[in-house]
Amino acid sequence: MPLAMAIEGETRTIIDFKGQEELKRHLQDLGFIRGEKVRVAGENAGGMILVVKGVKVALNRGLAHRIIVED
């Protein structure tokens, strides 16, 4: 499921990315790597606040839809 569908407080594991290589590299540079755990710390209509590798990162929902996660 896309990360954008996770709700506040959930922790998910990244399994894949959708999009072109440049976008995948950008997300990986931010710490979003396959196998890494990501927690939804907060959300609003425009985006999400995520914790990955102990760092808070804000992403818009468009990017969050391109990160595929599992429980």
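Start by selecting Arg12 and Asp71. They form a salt bridge, with the closest N and O atoms 1.8 Å apart. A salt bridge here is a side-chain nitrogen of Lys or Arg within 4 Å of a carboxyl oxygen of Asp or Glu. Arg12 lies in strand 1 (residues 11-17) and Asp71 in the segment after strand 5 (67-70), so the pair ties together parts that are 59 residues apart in sequence. Strands (E, at least two residues) and helices (H or I, at least four) are DSSP runs, numbered from the N terminus.

The model is predicted: local features need pLDDT of at least 70, side-chain atom pairs count only at pLDDT 80 or more, and totals for chains, interfaces and linings use all residues. Residues are numbered from 1 along each chain as its sequence is written, and side-chain values use heavy atoms, leaving out hydrogens and water.

Is Arg12 buried or exposed? Arg12 is buried, at 11% relative accessible area. Asp71 is exposed, at 71%. The cut-offs: buried is under 20% relative accessible area, exposed is over 50%, and partly exposed is in between (1.4 Å probe, protein chains only).

Glu10 is partly exposed, at 23% relative accessibility. Glu10, Arg12 and Asp71 make up a linked network of salt bridges.

Next, select Glu43 and Arg61. What joins them? A salt bridge, with 2.8 Å between the closest N and O atoms. Glu43 sits in strand 2 (residues 37-43) and Arg61 in helix 2 (residues 61-64), so this pair ties together parts 18 residues apart in sequence. Both ends are partly exposed: Glu43 at 33% and Arg61 at 22%. The whole structure holds 5 salt bridges.

Zoom out and colour by secondary structure. The protein chain has 2 helices and 5 strands. From the N terminus, the order is β-α-β-β-β-α-β.

Show the C-alpha trace. The C-alpha atoms fill a box of roughly 30 × 25 × 20 Å along the principal axes. Of the 71 residues, 39% count as buried.

Finally, show contacts (heavy atoms within 4.5 Å). Of those in the protein chain with a separation of 6 or more, 54% are between residues 24 or more positions apart.
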